[in-house]
Amino acid sequence: MLKIQKYAAIDIGSNAVRLLISNIIEQSGKPTVFKKNSLVRVPIRLGADVFINGKISKYNQERMIDTMKAFSLLMKSHGVVRYKACATSAMREAKNSDTLTKKIIDTCGISIDIIDGEEEAAIIAATDLSTYIDENKTYLYVDVGGGSTEFSIIHNGNKIKSKSFKVGTVRLLNDIVTRETWNELEQWIKENATVYDKIDLIGSGGNINKIFKISGKQLGKPLTYFYLSNYYHNLQQYSYEERITELNLNQDRADVIIPATRIYLSAMKWSGAKDIYVPKIGLSDGIIKSVYYETVSSVVV
């Protein structure tokens with residue numbers, strides 16, 4: 001018997017807000033299939049407010065409410081049966097996040113969970129990677145966001161350790177990542193990655209997805225450290241305006257792509273990884289899976 005339902009994930013990040021709608025396909029005797037149906041991304045960049053001023057501006061509050069209204073209507077028109085909205089680094093640190101979440105539930109009917117960095121790392125790492133990875137290998141999974149980056153060690157198909165660091169693209173653009181934070185990150189990667197003979201990176205986030213697309217590589221094939229390093233140095237030869245006009249990058253991507261690439265390269269250098277795999281998954285995919293498995297376990301109980 002075939003059963004198809006739509007679930008949705010709302011990822012409220014420091015750089016952009018996303019709505020992912022997925023088809024959940026259940027068939028007797030077969031594994032559940034999660035198939036992306038629609039993805040909408042709105043570059044509100046909450047982190048630019050919060051990491052400098054400590055709160056979300058009135059303008060961006062209004063944009064958030066308008067976006068959530070639109071997401072609510074999209075979920076209704078798609079026939080979404082379950083959803084979960086998670087907010088990360090910027091909303092965690094905003095002094096007025098409670099006020100904004102109350103406004104959103106009152107005007108849009110959308111309830112938002114503000115999750116901590118460790119929970120964010122766990123949701124991302126819980127995404128089913130079996131179709132993307134070799135279970136006999138070791139990986140450092142790096143999910144770069146606007147406010148923070150989540151790191152997980154995956155060995156023989158199992159998550160060994162996860163940690164979130166306040167090193168994100170919007171923070172780096174505004175030069176508010178301390179040398180101490182970089183040192184702490186470097187030490188964590190070296191301590192946890194170098195115990196393995198060989199390690200590869202898995203990269204997720206909009207910036208590495210864009211770089212992978214530009215590379216023309218086949219899905220499943222890695223980017224090398226050499227390629228990423230060359231791309232990073234090439235990007236820096238262009239001004240912000242030239243990256244939009246000549247490299248054809250969106251305006252909200254053309255600035256953050258440089259600090260994002262710096263984070264991936266640093267992780268590769270400190271872990272000794274020579275390759276980075278880009279499976280095009282992230283927090284939104286993890287949220288969809290967590291909602292589904294919560295539903296399944298509650299039914300079983």
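Residues are called buried when their relative accessible area is under 20%, exposed when it is over 50%, and partly exposed in between, as judged with a 1.4 Å probe and protein chains only. Helices (H or I, at least four residues) and strands (E, at least two) are DSSP runs, numbered from the N terminus.

## Basis of the model

This is a predicted model, in which local features need pLDDT of at least 70 and side-chain atom pairs count only at pLDDT 80 or more, while totals for chains, interfaces and linings use all residues. Residues are numbered from 1 along each chain as its sequence is written, and side-chain values use heavy atoms, with hydrogens and water left out.

## The six-stranded sheet

An open sheet of six strands runs in the order β8-β7-β6-β9-β11-β10, and its pairing is mixed. Because β8 and β10 (223-224) stand at the edges with a single partner strand each, one side of each is left without a neighbour in the sheet. Two strands are said to pair if DSSP finds at least two bridges between them.

Strand β9 (residues 200-204) is mostly covered, with five of its five residues buried. In a regular strand the side chains alternate between the two faces of the sheet. From β9, D200, I202 and S204 point one way, whereas L201 and G203 point the other way, and all are buried. Strand β6 (residues 138-144) runs parallel to β9 and is joined to it by five bridges; D143 has S204 as its bridge partner in β9, and V142 stands opposite G203 in that strand. β9 also pairs in the parallel sense with strand β11 (residues 275-277), over two bridges, and the partner of L201 in β11 is I276.

## Helix α8 and its end

In helix α8 (residues 206-215), the residues N207, I208, N209, I211 and F212 are buried. Just after α8 comes G216, which takes a positive phi of about 75°.

## The β2-β3 hairpin

Strand β2 (residues 17-27) and β3 run antiparallel and are joined by nine bridges, and within this pairing I21 has S38 of β3 as its bridge partner. The two strands form a hairpin with five residues between them, and G29 in the turn has a positive phi of about 80°.

Most residues other than glycine have a negative phi, and most peptide bonds are trans. R45, although it is not a glycine, has a positive phi of about 55°; R45 lies in the loop between β3 (33-42) and α1 (46-53) and is buried, with a relative accessible area of 17%.

N156 is a residue other than glycine with a positive phi, near 50°, and is placed in the loop between β7 (149-155) and β8 (158-165). With a relative accessible area of 37%, N156 is partly exposed.

## A patch of negative charge

On the surface, D113, D116, E118 and E119 gather in a patch of negative charge.

Technical notes
Patches are made of residues with over 30% relative accessible area and no salt bridge: like charges are joined within 9 Å, nonpolar side chains (Val, Leu, Ile, Met, Phe, Trp, Tyr) within 5 Å. Accessible areas come from the Shrake-Rupley method with a 1.4 Å probe; for residues, only the protein chains shown count as cover. A salt bridge is a side-chain nitrogen of Lys or Arg within 4 Å of a carboxyl oxygen of Asp or Glu. Lys and Arg count as positive and Asp and Glu as negative; His and the chain ends are not counted. The place of a charge is taken as NZ of Lys, CZ of Arg, CG of Asp or CD of Glu.
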